[in-house]
Amino acid sequence: MFLKKIEIYGFKSFPYKVTIPFSPGITGIVGPNGAGKSNVLDAIKWVLGEQSPKKLRVKELSDLIFAGNEDKKKVDFAEVRMTINHDPPVWEKYKDFPEVVITRRFYRNGESEFFINQKPCRLKDIQFLFLELGINTQSYSIIDQGEVSKFIELSPKERRIFLEDLAGVSKFKITEEETKKN
Ligand code: ATP
Ligand code: MG
């Protein structure tokens, strides 16, 4: 399993559809200041289910949609589509799919759409898919600038949460908390 491709349209600084292919192993994204490197990472976090404006480096969620510039008018929605190589399969439910495609769309009127393999789903379905693998925007599968030093300074409790994420047990905790609520 590896991230094969990310397609971005109307998200932050990307008014035109861009396709960024990845290969197994290490990929570097380089470019001048303000070119949109961090926005690519934000797009990945967002499609994985991130909801916090702060973590996505915006004031409000509507700032995720391309706001227009001197060359191009603002657009009506943002879309990020992530293609995951799924051969050999890791998700039993999608074992017959050599690729799993996750799509997230957000309109200016506040509406959201989510898809797994083109089929409409809930945000929760996407979040659970990755929680199962220990991949989520709070876990250290995504390491932001400055976070290595932050890890060293974590409290024992925060460190436990980190290790639980890595071990893939967070989803059981979330399910437990939800069960208690209901
Ligand atoms: P650095 O090397 O400084 O870290 P970077 O390549 O990571 O730069 P980003 O932070 O990804 O740059 O991109 C910043 C740019 O994205 C800014 O020019 C900002 O105006 C633009 N941007 C962010 N949100 C939007 C939006 N909604 N509409 C249009 N442009 C946006
Ligand atoms: Mg940056």
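The points below go through a predicted model of a protein chain with a ligand.

1. Overall build. The protein chain contains five helices and six strands. Along the principal axes, a box of roughly 50 × 40 × 40 Å holds the C-alpha atoms.

2. Burial and contacts. Of the 182 residues in the protein chain, 21% are buried. Among contacts with a separation of 6 or more, 52% are between residues 24 or more positions apart.

3. The largest nonpolar core. This core has 21 residues, and those touching the most other members are Phe 11, Ala 43, Trp 46, Val 47, Leu 64, Ala 78 and Val 80. Two or more residues each come from helix 1 (37-47), strand 3 (77-85), strand 4 (99-107) and helix 2 (123-131). Which element gives the most to the core? It is helix 1, with four residues.

4. Leu 64 as an example. Leaving out residues up to four places away in sequence, Leu 64 touches Phe 11, Lys 12, Trp 46, Leu 56, Val 58, Ala 78 and Phe 106. Phe 11, Trp 46 and Ala 78 are, like Leu 64, among the core residues that touch the most other members.

5. The ligand shell. There are 14 residues around ligand 1, and Ser 13, Lys 37, Ser 38, Asn 39 and Ala 67 come nearest. By class, the shell is made of four nonpolar, seven polar and three charged residues.

6. The annotated site. The unreviewed UniProt entry carries the annotation "binding site" for Pro 32, Asn 33, Gly 34, Ala 35, Gly 36, Lys 37, Ser 38 and Asn 39. Lys 37, Ser 38 and Asn 39 are also on the list of residues that come nearest to ligand 1. Pro 32 sits in the loop between strand 2 (18-21) and helix 1, while Ser 38 belongs to helix 1 itself. Are these two buried or exposed? Pro 32 has 7 other C-beta atoms within 10 Å, so it is exposed. Ser 38 has 15 other C-beta atoms within 10 Å and is therefore partly exposed.

7. Arg 159. This residue is part of helix 4 (residues 156-167). Arg 159 counts as exposed because 11 other C-beta atoms lie within 10 Å, and the limit for that class is 12 or fewer. From C-alpha to C-alpha, Arg 159 is 24 Å from Asp 42, and the two are 117 residues apart in sequence.

8. Backbone points to check by eye. Most residues other than glycine have a negative phi, and most peptide bonds are trans. Where is there a cis peptide bond? One joins Asp 87 and Pro 88, with omega about 5°. Pro 88 is in the loop between strand 3 and strand 4.

9. Positive phi angles. Arg 57 is not a glycine, yet its phi is positive, about 60°. Arg 57 lies in the loop between helix 1 and strand 3, and it is partly exposed because it has 16 C-beta neighbours inside 10 Å. Asn 117, also not a glycine, has a positive phi of about 50°. The position of Asn 117 is in the loop between strand 5 (112-116) and strand 6 (119-120). With 13 other C-beta atoms within 10 Å, Asn 117 is partly exposed.

Note on methods: Residues are numbered from 1 along each chain as its sequence is written. Chains are lettered from A and ligands numbered from 1 in the order in which they are written. This is a predicted model: local features need pLDDT of at least 70, side-chain atom pairs count only at pLDDT 80 or more; totals for chains, interfaces and linings use all residues. A residue is near a molecule or strand if its C-beta atom, placed from the backbone, lies within 6 Å of it. Ala, Val, Leu, Ile, Met, Phe, Trp, Tyr, Cys and Pro count as nonpolar, Asp, Glu, Lys and Arg as charged, and the others, Gly among them, as polar. A nonpolar core is a set of buried Ala, Val, Leu, Ile, Met, Phe, Trp, Tyr and Cys residues joined through C-beta atoms within 7 Å. A residue is buried if 20 or more other C-beta atoms lie within 10 Å of its own, exposed if 12 or fewer, and partly exposed in between; C-beta atoms are placed from the backbone. Two residues are in contact if their C-beta atoms, placed from the backbone, lie within 7 Å. UniProt positions are given in the numbering used here, feature names are shortened, and annotations may be inferred rather than shown by experiment.
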